[in-house]
Structures are given as structure tokens and as C-alpha cells.
Amino acid sequence: MRLFFHELRTQQLLFWRNRESAVFVFVFPPMLFLLLGAVYDGKIDGFPAVDALLVGLVGYGCANTAFAGLAITLVIRRESGILKRVRATPLPAQTYLVAVLVSTLIVFLLQMALTLVLGVVLYGAHDPENWPGLFLALLLGAAAFAGLGFGVASLIRSAEGSSAVVNLIVLPMAFLSGSFGPTREYPDVLQALADVLPLTYLIDIFKNVYLRGESFWHDPTAIAIVAAWGVAGLLVAWHRFGWMPRER
Amino acid sequence: MEAVRGISFAVERGEVFGLLGPNGAGKTTTVEILEGYRSRDGGTVEVLGVDPWHGGSDLRQRIGVVLQSSELPAALTVREVHRMFAGYYEHPRDIDHVIELVGLAEKSGARVKTLSGGQKRRLDLGIALVGDPELVFLDEPTTGFDPSARRTAWDLVRSLRELGKTILLTTHYLDEAQQLADRVAVIRDGKIVQQGSPADLIGVTPKVQIRYRDGARDVVIETDEPTRMLAELTGAAAAEGRELEALEVVRPSLEDVYLDLVDGDEPAA
């Protein structure tokens with residue numbers, strides 16, 4: 001336990017000290033929310049635009065922070081030999097990985113709290129209808145996307161390419177799943193594509209708990225699909241995750 | 001793929017053992033097996049009495065590692081990196097003492113990204129020592145150093161030896177092995193081709209050269225029996241009243257032995 005807290009503290013220090021991660025990972029989703037919130041007006045899917053956007057951006061935050069940020073960080077650390085060096089210490093692998101996960105979760109929750117406060121204070125967004133449900137949904141989303149992050153990090157071969165690959169996944173996914181606005185007008189092909197993406201279902205769950213005040217368990221299918229993506233990512237990581245640099 | 005085969009050596013407690021060989025000879029592969037990074041297809045390996053592949057945390061409490069190339073978190077300070085690594089060990093050394101030992105006291109508050117190459121290498125050494133290991137692996141610790149940085153690094157390795165650490169050092173610099181190692185194994189194409197103390201290595205190649213000039217011709221004689229050969233040569237020359245011009249007897253340097261071992265018949269790239 002002492003080791004876990006030591007590593008968690010180290011991970012937090014590493015995150016906040018690194019300007020790139022602090023700015024791009026932490027600031028980006030709230031910033032996008034502020035921009036989109038200033039543009040959209042009226043109603044989206046029957047909800048006040050700012051509420052719908054807030055929920056969409058919380059989903060995007062999951063993909064951005066728990067998935068993209070985590071995957072890029074892991075690949076860079078692996079390729080620069082930091083993971084390899086840490087592996088030569090007595091710190092157990094699972095302690096390291098769980099600390100990385102929990103650290104990501106802390107960053108994500110702080111980021112969501114900031115987004116929420118900005119929405120309520122600046123744009124008059126509504127409070128979440130179901131607080132505990134929202135919290136569970138945030139945990140589910142962060143865990144599932146972190147699982148995908150571990151999986152994708154295991155597949156990416158080079159540090160230089162990691163950011164491009166990850167963004168090539170995140171941005172179209174967020175766009176298709178409705179993070180940035182309504183998807184009702186999208187062509188059928190794109191909507192069909194959106195129907196298999198985890199973010200689509202995660203945003204549905206957020207809508208249920210945040211906007212409709214439903215229970216977290218209201219849509220078990222959506223929960224199952226999101227969780228299944230996370231488990232799939234973890235399975236890939238289980239087989240392919242490595243501590244040694246691949247490029248050298 | 002087989003990177004090494006026919007490697008067998010034992011390192012005594014408290015000694016500095018050098019694995020010497022050209023790039024690509026299998027030094028790093030060998031060390032990475034000992035550090036527990038790589039499994040192996042065959043053979044027996046024991047590090048501090050345990051198989052490193054199954055040694056786990058307990059073994060890693062007792063070893064320190066300087067990798068050939070690895071980075072450390074660029075945004076942390078020298079002191080923070082030491083604290084980060086010290087936290088992984090049950091009985092870490094005093095951080096400030098270690099920073100002092102590796103000569104980074106003045107850089108203690110500096111970010112890793114502002115350090116020079118030599119300073120980064122000393123940081124690598126510092127975090128290898130911070131867990132107070134019994135055994136330290138140094139994989140090419142001075143590659144890319146300028147001469148004065150190498151001297152400093154050598155002094156550091158000597159001070160580790162005085163602390164009673166056992167050290168396994170790989171290098172492709174002959175003078176480094178000669179300066180630091182109590183015993184050396186020369187490795188080539190994944191095999192150990194010779195091992196012993198630096199003095200022994202010279203001893204095992206008994207060919208001494210006798211050179212002189214005979215008119216316009218340079219004569220070089222290689223012999224196992226320099227005394228008898230020299231007596232014959234000088235006896236014959238003295239009997240004829242002839243002078244052996246530019247006469248010299250040359251013992252092979254470790255460098256000659258090394259080049260002889262690693263070059264051999266085929267290039268050992």
C-alpha cells in the first residue's frame with residue numbers, strides 16, 4: 001500500500017509537471033466545451049443545447065483523458081525506456097499499472113468537475129439530475145476507455161506516431177458519437193458506424209443519469225457494450241503489452 | 001534467434017567484472033538476461049543465488065541497473081527522480097548522500113531535461129545506487145563520453161568498489177576494462193573467447209615480437225621463447241661482428257590481444 005501511494009503521488013507529479021499533458025489532456029475538453037457552448041443555441045435532441053453539449057463533452061473527456069492521454073503517455077514512456085527502467089526496480093508491475101490508472105481517474109474527475117462548474121456558472125447549465133448515477137457513469141467510462149488505452153498503447157509501435165494514431169481514433173469517434181453536437185442529420189452509414197462505438201453508448205448513459213434523472217442501471221445493454229470495449233482493450237493489453245522499447 | 005551461446009562466467013562478491021567486446025557481440029543480451037529482462041532458451045543463470053527470470057521484487061531489491069540507453073522523466077528534478085526511485089526500495093540510501101556521491105549536488109534542483117549527457121549518465125548511476133544494491137550492472141556506462149567525463153565516471157566506479165559493491169560492467173573500450181575490471185571476459189559473436197585478469201589475458205598470448213632492421217628489410221619474429229631466440233640472434237650477429245639495427249623486444253599490449261581475439265578470422269561486427 002505504501003508503494004501504491006508513493007507511485008500514485010509520483011504519477012500525479014509527472015502529470016502536472018509535464019506541460020504538454022497538463023495543457024492538452026486536462027485543458028482541452030473544458031476548452032472545447034466553452035467554444036461549442038458559445039456557438040450552439042436553443043435545443044439539441046429536446047434538451048437545452050448547453051446541457052446536451054456538457055454531456056457530450058463529458059463523454060469526449062473520457063476518450064480524451066482516459067484513452068488518448070493514457071495511451072500516448074504509456075507509448076512515450078515505453079519507447080523512451082522509462083518503463084524498462086522502472087521494471088528493474090522492486091515496484092511490482094500491477095502496482096505501477098494500477099497507480100497509472102487511478103492517477104488518470106483523478107485527473108479525469110477533476111477535469112469533469114471543472115467542466116461542470118464552467119457549464120453551470122458561465123452558461124447556466126443544469127445540475128446533474130442523478131449525482132450518484134453520474135459518478136458511477138464517470139467511473140465506468142474512465143475504466144472502459146482506460147482499458148482501451150492500455151490495449152491501443154500495446155499495439156502502437158512508435159512514440160512519434162502515437163499521437164497521430166490516437167487522435168485518428170478519438171476525433172472521428174467523438175464526432176460520430178455526438179460529443180460535439182447532434183448526430184440526427186448524419187448519413188445512415190455514419191449513424192450505423194456510431195452504433196458500434198463505445199462513446200455513443202457512454203453518452204447515452206450520461207444522458208440518462210445527467211439529463212433524464214434515470215438510474216445508472218436504466219440501460220444495461222449500453223453498460224454492457226461500454227464494458228465489453230474496455231475488456232476487449234484489456235485483453236489486447238494482456239497479450240501484447242510490453243515494457244521494453246519496440247523501436248530499438 | 002540465438003544472440004549468445006557459450007557464455008559461462010562467475011563473478012565474485014566485491015569484484016568488478018568486465019564483459020568486453022565489440023558492438024553486437026552479445027554483451028547487452030547477456031546483461032539483460034542477468035537483470036531479469038529476458039528469458040533464455042537454455043542454460044543456468046544465477047544472480048545472488050536466484051534465477052533472475054523468476055527473481056521478482058526480492059531480487060530487484062538487491063540489484064542496481066544502469067541501462068545502455070534509457071531516459072528519465074524530463075520534467076522532474078534530479079532530487080525528485082532520486083526520491084521517486086528511492087520509494088521503490090525497502091531500505092533506500094539517503095537521497096542527498098547519493099546525489100553527492102555521483103557529483104550532482106549542485107544540480108539537485110535542476111530539471112532532468114537541462115542536464116548534459118554526462119550528468120544524465122551520473123543520474124542513471126545515482127538511481128541505480130539509491131536502493132543500496134549489493135550488485136550493480138553497468139551497461140556501457142561511458143559510451144559517448146569525452147575523455148574527462150570518462151575519468152570522472154571511472155573514479156565513480158572505483159568508489160563503488162570501495163563501498164563493497166559487486167559490479168558487472170560491459171564495455172567496448174579496452175582501456176576501460178583494463179582500468180576498472182579485476183577480471184575480464186572477452187565476448188565475440190555471442191561467445192566468450194577468453195577470460196581472466198587483464199594481466200592474464202596478456203599472458204595467454206605468449207607471442208613476443210623481436211624486431212630489427214636487416215639492411216633495408218624490417219624483420220619481425222614472433223616467438224614463444226624470446227630469451228632463447230634473442231640469444232641466438234644476438235649470438236650470431238655478435239659472432240659476425242654485425243649490429244642488429246633498431247633491435248627491440250615488444251610484449252603484446254592488451255589491445256593487441258583484444259584485437260586478435262575479436263577480429264580473428266572473420267569480422268566480428
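Two residues are in contact if their C-beta atoms, placed from the backbone, lie within 7 Å. Keep that rule in mind for the views below, which show a predicted model, where local features need pLDDT of at least 70, side-chain atom pairs count only at pLDDT 80 or more, and totals for chains, interfaces and linings use all residues. Residues are numbered from 1 along each chain as its sequence is written, while chains are lettered from A and ligands numbered from 1 in the order in which they are written.

View 1. Leaving aside neighbours within four places in sequence, A:Ala71 is in contact with A:Gly149, A:Val152, A:Ala153, A:Ser162 and A:Val166. A residue is called buried if 20 or more other C-beta atoms lie within 10 Å of its own, exposed if 12 or fewer, and partly exposed in between, with C-beta atoms placed from the backbone. A nonpolar core is then a set of buried Ala, Val, Leu, Ile, Met, Phe, Trp, Tyr and Cys residues joined through C-beta atoms within 7 Å. The largest such core has 138 residues, and A:Ala63 and A:Ala71 touch the most other members. Helix H3 of chain A (residues 49-79) gives the most to this core, with 20 residues. Helices (H or I, at least four residues) and strands (E, at least two) are DSSP runs, numbered from the N terminus.

View 2. Is H6(A) largely enclosed or open? Of its 25 residues, 19 are buried, so H6(A) is largely enclosed by the rest of the structure. A:Leu138 is found in this helix and is buried, with 23 other C-beta atoms within 10 Å. Leaving aside neighbours within four places in sequence, A:Leu138 is in contact with A:Leu109 and A:Met112. The C-alpha atoms of A:Leu138 and A:Gly61 are separated by 9.9 Å, although these residues are 77 apart along the chain.

**View 3. Where chain B touches chain A.** Here 20 residues of chain B are in contact with 17 residues of chain A. On the chain B side, the elements that give two or more residues are helix H2 (56-60) and helix H3 (78-86) of chain B. The largest share of that side, three residues, comes from H3(B). By class, the chain B side has 11 nonpolar, five polar and four charged residues. For this count, Ala, Val, Leu, Ile, Met, Phe, Trp, Tyr, Cys and Pro are nonpolar, Asp, Glu, Lys and Arg are charged, and the others, Gly among them, are polar.

View 4. Which residues of H6(B) are buried? They are B:Ala153, B:Leu156, B:Val157 and B:Leu160. Seen down the axis of H6(B), these buried residues fall within an arc of 95 degrees, so they line one face of the helix. The arc is that of the directions from the helix axis to the C-beta atoms. On the other side of H6(B), B:Pro147, B:Ser148, B:Asp155, B:Ser159 and B:Glu162 are exposed. The buried residues are covered by elements of chain B including strand E1 (16-20), helix H5 (117-129) and strand E3 (135-139). Just after H6(B), B:Gly164 takes a positive phi of about 90 degrees.

**View 5. Two loop residues of chain B with positive phi.** Most residues other than glycine have a negative phi. B:Asp132, in the loop between H5 and E3 of chain B, has a positive phi near 55 degrees. B:Asp132 is partly exposed, with 18 other C-beta atoms within 10 Å. B:Glu140 sits in the loop between E3 and H6 of chain B, and its phi, also positive, is near 45 degrees. With 22 C-beta neighbours inside 10 Å, B:Glu140 counts as buried.

**View 6. B:Glu90 and B:Asp124.** B:Glu90 lies in the loop between H3 and helix H4 (95-101) of chain B and is exposed, with 12 other C-beta atoms within 10 Å. B:Asp124 is found in helix H5 of chain B and is buried, with 25 other C-beta atoms within 10 Å.
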